[in-house]
Amino acid sequence: MSEEKKGCSAMDQALTWLKVTDSWAVGGYQNKLPRMCYVAVGLVLVLIIL
């Protein structure tokens, strides 16, 4: 049962990490997107390339 709780905890931590919006700006563009958007775009690009 503790392994199940560890798995849920790790998943919760990963989802929390993905929901964070990093603070950066490039050429006047201020980032307003969470990390999850960048991960999703990266996965789509990898699938297209493969």
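Is Tyr38 buried, partly exposed or exposed, and what is its relative accessible area? Tyr38 is partly exposed, with a relative accessible area of 38%.

Good morning, colleagues. The structure before you is a predicted model, in which local features need pLDDT of at least 70 and side-chain atom pairs count only at pLDDT 80 or more, while totals for chains, interfaces and linings use all residues. Residues are numbered from 1 along each chain as its sequence is written, and side-chain values use heavy atoms, with hydrogens and water left out.

Let me begin with confidence. The term pLDDT denotes the predictor's confidence in each residue, on a range from 0 to 100. The chain has a mean pLDDT of 87, and 86% of its residues reach 70 or more.

I turn to the architecture. The chain contains two helices and two strands, and from the N terminus on these elements run α-β-β-α. Helices (H or I, at least four residues) and strands (E, at least two) are DSSP runs, numbered from the N terminus. Of the 50 residues in the chain, 6% are buried. The accessible surface of the chain comes to about 4500 Å², and 69% of this belongs to carbon and sulfur atoms. Such areas come from the Shrake-Rupley method with a 1.4 Å probe; for residues, only the protein chains shown count as cover.

Next, the charged side chains. Side chains of opposite charge can pair when their charged atoms come close. By definition, a salt bridge is a side-chain nitrogen of Lys or Arg within 4 Å of a carboxyl oxygen of Asp or Glu. How many salt bridges does a search of the whole structure find? The search finds one. In this salt bridge the side chains of Asp22 and Arg35 meet, at 2.8 Å from N to O. Asp22 lies in the loop between α1 (2-18) and β1 (25-26), and Arg35 in helix α2 (residues 35-49), so the pair ties together parts that are 13 residues apart in sequence.

The two partners may also be described by their accessibility. Asp22, at 28% relative accessibility, counts as partly exposed, whereas Arg35 is buried, with a relative accessible area of 18%. Contact here means heavy atoms within 4.5 Å. Not counting residues up to four places away in sequence, Arg35 touches Trp17, Leu18, Val20 and Asp22.

Helix α2 also holds Val39. Val39 counts as partly exposed because its relative accessibility is 38%. The C-alpha atoms of Val39 and Leu18 are separated by 8.3 Å, and these residues are 21 apart along the chain.

I now come to the aromatic residues. A pair of aromatic rings is described by the distance of the centres and the angle of the planes. Rings of Phe, Tyr and Trp (its six-membered ring) pair if their centres lie within 6.5 Å; planes under 30 degrees apart count as stacked, over 60 as edge-to-face and the rest as tilted. By this rule there are two aromatic pairs. The rings of Trp24 and Tyr29 have centres 5.9 Å apart and planes at 55 degrees, so this pair is tilted. The rings of Trp24 and Tyr38, with centres 6.3 Å apart and planes at 50 degrees, are tilted as well. Trp24 lies in the loop between α1 and β1 and Tyr38 in helix α2, so their pair ties together parts that are 14 residues apart in sequence.

Trp24 is partly exposed at 33% relative accessibility. Tyr29, found in strand β2 (residues 29-30), is partly exposed with a relative accessible area of 38%. Leaving aside neighbours within four places in sequence, Tyr29 is in contact with Trp24 and Tyr38.

Finally, the surface. Which residues make the nonpolar surface patch of about 460 Å²? The patch is made by Trp24, Val26, Tyr29, Leu33 and Tyr38. Patches are made of residues with over 30% relative accessible area and no salt bridge: like charges are joined within 9 Å, and nonpolar side chains (Val, Leu, Ile, Met, Phe, Trp, Tyr) within 5 Å.

How values were computed
Buried < 20%, exposed > 50% of the residue type's maximum accessible area, 1.4 Å probe, protein only.
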